Amino acid sequence: CASTCRDPLLIPEGSTLINGDLLSDVCVDCVTDPMVYDAWGCTNCIKQLKDEGVDKLVECLDCVRTSPYQDKIGTYNWACAECSAIEDPNIRALCLECINYPAVELSSSPELLLNDIWVGDASVIICECV
């Protein structure tokens with residue numbers, strides 16, 4: 001997966017963030033993070049937000065890295081980029097909070113990730129947040 005971060009179509013060679021970090025290194029850090037269950041989320045953040053400013057990109061990558069849903073709810077990684085792209089910081093924060101709403105129930109019953117109905121309902125909630 002880390003080789004995707006070296007793809008010049010995704011990240012032109014030498015691309016840096018405002019803080020000077022190489023965008024390819026930021027990407028590799030995300031896709032190799034043991035807490036990231038779906039590396040597509042990392043590359044989607046970069047694809048969608050690389051020109052939007054470092055704050056939005058960092059929020060998106062943090063969102064992917066802290067997924068409470070592991071690899072069970074694919075819409076979550078998509079929603080990370082959609083929420084992080086919102087211009088208004090207050091609405092952006094509400095969106096990011098909303099996509100984590102099903103995780104409140106999950107925190108007391110981790111076995112819910114094995115329940116297809118709950119996963120489906122959580123996916124619908126996440127899509128509705130965006």
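**Close-up 1. Cys129 and its disulfide partner Cys98 in the predicted model.** Cys129 is buried, at 16% relative accessible area. Cys98 is partly exposed, at 28%. Their sulfurs lie 1.9 Å apart. The torsion about the S-S bond is -70 degrees, and the link is left-handed. Cys98 sits in helix 5 and Cys129 in helix 7, 31 residues apart. Cys127 is in no disulfide; the nearest cysteine sulfur, that of Cys129, is 8.8 Å away. Cys127 is partly exposed, at 37% relative accessibility.

**Close-up 2. The disulfide of Cys83 and Cys95.** The S to S distance is 1.9 Å. This link is left-handed, with -60 degrees about the S-S bond. Cys83 belongs to helix 4 and Cys95 to helix 5 (residues 89-99); 12 residues separate them. Cys83 is buried at 0% relative accessible area, and Cys95 is buried at 5%.

**Close-up 3. The disulfide of Cys45 and Cys60.** The sulfurs are 2.0 Å apart. The S-S torsion is about -75 degrees, so the disulfide is left-handed. Cys45 lies in helix 2 and Cys60 in helix 3 (residues 54-65), 15 residues apart in sequence. Cys45 is buried at 0%; Cys60 is buried at 0%.

**Close-up 4. Helix 2 (residues 40-49) against helix 4 (residues 75-84).** The axes come within 9 Å and cross at roughly 25 degrees. The two helices are therefore roughly parallel. Their crossing is right-handed. Helix 2 contributes Trp40, Gly41, Asn44, Cys45, Gln48 and Leu49; helix 4 contributes Asn77, Trp78, Ala81 and Ser84. The contact has five nonpolar, five polar and no charged residues.

**Close-up 5. Ala122 in helix 7 (residues 116-129).** Ala122 is buried, at 1% relative accessibility. Beyond neighbours within four places in sequence, Ala122 contacts Ile73 and Pro102. Ala122 and Pro102 are 5.8 Å apart, C-alpha to C-alpha, and 20 residues apart in sequence.

Note on methods. Residues are numbered from 1 along each chain as its sequence is written. This is a predicted model: local features need pLDDT of at least 70, side-chain atom pairs count only at pLDDT 80 or more; totals for chains, interfaces and linings use all residues. Side-chain values use heavy atoms; hydrogens and water are left out. Axes are lines fitted to C-alpha atoms, for helices over the stretch in contact, and angles run from 0 to 180 degrees between N-to-C directions. Helices (H or I, at least four residues) and strands (E, at least two) are DSSP runs, numbered from the N terminus. Angles under 35 degrees count as roughly parallel, over 145 as roughly antiparallel, 65 to 115 as roughly perpendicular and the rest as oblique. A crossing is left-handed if the near helix is turned anticlockwise from the far one by less than a right angle, and right-handed if clockwise. Contact means heavy atoms within 4.5 Å. Ala, Val, Leu, Ile, Met, Phe, Trp, Tyr, Cys and Pro count as nonpolar, Asp, Glu, Lys and Arg as charged, and the others, Gly among them, as polar. Buried means under 20% relative accessible area, exposed over 50%, partly exposed in between (1.4 Å probe, protein chains only). A disulfide is a pair of cysteine sulfur atoms within 2.5 Å.
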